[in-house]
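Here is a friendly walk through the model you have open.

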Amino acid sequence: MKKIITDVRKDKTIDFSEFEDLILSDGDENFKKYYCLYEYTDDLTVLSDDTKYPGILNFVKTGILTKEEMIDALFYNKKER
Amino acid sequence: MEKKLYDEMTENLAALEKNQDLKSKNIYLFGHCEATLTLIDLLLLKGYNPVSILDNSNLKQGKKYKDINVVYPAEIKKLSIDEQKDTVVLIVSRFYASMFRQLRELGFNGRIEKIIDYNSYSEYSLSEETIDKMWKREQQGEKLISEFEKNYGGAFKVYCPFNALGDIYFMISYWPAFAKKRGIKDPVFLVTGEALCDVISMFSNYRTAVYEKSDLDKMIQASLYINDKNSFIAHQDRPYVINLAKALYVKKIPLDKIYCCGVYGLLPDTLPQKPYINTKLSKKYDYIKKGKSVIFSPYAKSVPKISDEIWQSAIKYYKDKGYELYTNVAKGEAPLNETLPLSPSIKDFPKVVERAGAFVGIRSGLCDIIRETKAKKIALYPDYYYGDTKWKAIDMYFIEEFDQNIEVSEDIKWETL
């Protein structure tokens with residue numbers, strides 16, 4: 001089931017309205033407790049815009065990727081690895 | 001492979017041999033990468049015969065390394081329950097956690113062993129034991145941060161978690177533009193080795209601090225956990241919160257643009273700072289025949305080797321042209337046949353290459369150090385894919401400033417270059 005955990009809907013410069021059905025803004029309890037402690041699962045797709053580290057959103061902001069390409073990249077078949 | 005990691009690999013393999021009867025086991029490897037190939041070499045040396053290399057990538061299917069085939073992980077489902085008991089899967093990839101889970105989901109119940117701990121950030125478990133271990137790790141990280149802040153006051157921490165000259169080169173070359181954008185005035189770059197400090201010093205007299213990788217990883221995790229806004233992780237791939245590399249599944253983005261646009265959010269036309277090259281070269285290099293020497297650089301971590309035949313053909317060509325021949329070597333590395341060893345420091349290397357007049361090297365971070373050097377420069381790219389993407393190494397690491405960028409697949413006609 002495709003879901004993104006993100007807080008970037010607060011970013012008014014980018015319109016994510018067409019991806020509303022994908023976006024879960026609050027995350028689950030485990031995410032809130034543990035995501036910053038360690039990577040406890042690779043089932044999560046997380047989109048963030050944090051000043052402490054880079055993120056794929058930078059590619060959209062700088063014109064390297066479109067939003068659609070970013071979403072495709074985030075949900076690329078993980079089993080291909 | 002870095003010596004530290006190779007030592008970890010040999011120690012862990014020795015421990016495994018002691019605790020298990022490996023000789024009676026069918027050995028599989030998971031993840032076709034340079035580290036796996038190095039492990040295979042070690043296993044063959046010890047008299048083991050690995051069965052297959054498991055890999056999810058379509059691009060790698062059918063490849064062979066020393067007669068060992070790359071196959072899909074699903075192949076392991078063909079093993080009976082009894083056969084699984086006699087099977088062990090060895091993993092040296094940083095994707096250990098997801099590989100472990102995939103094997104279990106495929107129904108494989110045999111032993112799965114991590115031979116190198118590449119990725120201390122990930123463990124796919126919410127067991128009490130795992131959570132407790134990770135809490136302790138985070139606490140250790142906070143302690144290290146506290147010690148750093150005692151020594152460096154309110155300096156801005158720039159974490160550089162990976163021991164790679166090229167990554168550091170790009171990181172520092174775009175740093176001034178990023179620091180200006182963010183108003184950062186007093187950075188300290190936290191790195192995992194002195195050579196990386198040398199690369200940084202080629203750009204300015206920035207402050208640096210060297211940490212063991214495991215300690216740096218702990219500090220980075222703690223920074224995330226305590227939301228330390230006086231810090232930045234300046235890497236394109238580590239740790240797990242950074243998802244830049246996923247962009248490569250849909251688009252080819254060369255490494256310098258990954259740093260410029262991805263890591264720093266700078267526009268694509270942002271110009272990187274160029275390094276300051278020492279104007280004076282020590283007299284100890286006067287023996288190098290100026291303009292008529294060639295420096296070979298055949299060694300690189302995490303990159304498949306280029307065959308001896310290629311190097312020997314290059315040596316013959318330059319020797320016939322009357323060049324003096326040198327091989328750049330680090331501790332423990334041997335010079336190529338008919339060449340003399342040379343081990344200049346990172347800071348001296350550009351000027352040494354300039355004095356020599358020619359450089360032929362496997363594409364590695366060392367090539368980035370000499371991008372601006374005035375000499376004939378040739379980069380040789382082994383034929384391999386960048387990570388698990390469909391892009392070749394030459395796509396990702398192409399150097400505009402070099403005279404030649406050659407993907408090595410067959411003989412090179414040196415006289416035509």
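Chain A has three helices and three strands in its secondary structure. Read from the N terminus, its elements follow the order β-β-α-β-α-α. The chain has 81 residues, of which 26% count as buried. If you look at contacts in chain A between residues at least 6 apart in sequence, 43% of them join residues at least 24 apart.

Please keep in mind that this is a predicted model. The predictor gives the complex an ipTM of 0.90 and a pTM of 0.89. For chain B, the average pLDDT is 93, and 100% of the residues score at least 70.

Now turn to the place where the two chains meet. How many residues of chain A are in contact with chain B? There are 29, and they meet 43 residues of chain B. Two helices of chain A, H2 (57–61) and H3 (67–74), each supply at least two residues to this side of chain A. H3(A) gives the most, with four residues. By class, the side of chain A that touches chain B holds 13 nonpolar, seven polar and nine charged residues.

| Domain of chain B | Residues |
|---|---|
| Domain 1 | 3–114 |
| Domain 2 | 128–263 |
| Domain 3 | 283–416 |

The centres of domain 2 and domain 3 of chain B, taken over C-alpha atoms, are separated by 29 Å. Their contact takes 15 residues from domain 2 of chain B and 14 residues from domain 3 of chain B. On the domain 2 side, helix H6 (165–173) and helix H8 (194–201) of chain B are the elements that give two or more residues. H8(B) gives the most to that side, with four residues. The residues on the domain 2 side divide into eleven nonpolar, two polar and two charged.

The nonpolar cores are worth a look next. In the largest nonpolar core, which has 101 residues, those touching the most other members are Tyr159(B), Cys160(B), Ile168(B), Val199(B), Ala247(B) and Ala356(B). This core draws at least three residues from each of domain 2 and domain 3 of chain B. Take Cys160(B) as a way in: leaving aside neighbours within four places in sequence, its contacts include Ile168(B), Met171(B), Phe189(B), Leu196(B) and His235(B). Another core, of 29 residues, lies apart from the largest one, and among its members are Leu13(B), Ile27(B), Tyr96(B) and Leu103(B). As a general point, nonpolar side chains in soluble globular proteins tend to be buried together.

Helix H9 (residues 213–226) of chain B has 14 residues and reaches 20 Å from its first C-alpha to its last, close to the 20 Å expected at 1.5 Å a residue. Why is H9(B) described as largely enclosed by the rest of the structure? Ten of its 14 residues are buried, so the rest of the structure largely encloses H9(B). Those buried residues include Leu216(B), Asp217(B), Lys218(B), Met219(B) and Tyr225(B). The buried residues of H9(B) pack against helix H5 (128–152), strand S7 (156–159), strand S8 (187–191) and strand S10 (231–233) of chain B. Asn227(B) follows H9(B), and the phi of Asn227(B) is positive, near 60 degrees.

Technical notes: Residues numbered from 1 in each chain as written. Chains lettered and ligands numbered in written order. Predicted model: local features only at pLDDT ≥ 70, side-chain atom pairs only at ≥ 80, totals over all residues. Contact = placed C-beta atoms within 7 Å. Nonpolar A, V, L, I, M, F, W, Y, C, P; charged D, E, K, R; others polar. Domains from an automatic or database assignment. Expected span 1.5 Å × (residues − 1). Buried ≥ 20, exposed ≤ 12 C-beta atoms within 10 Å, placed from the backbone. pLDDT = per-residue confidence, 0-100. Core = buried A, V, L, I, M, F, W, Y, C linked by C-beta atoms within 7 Å.
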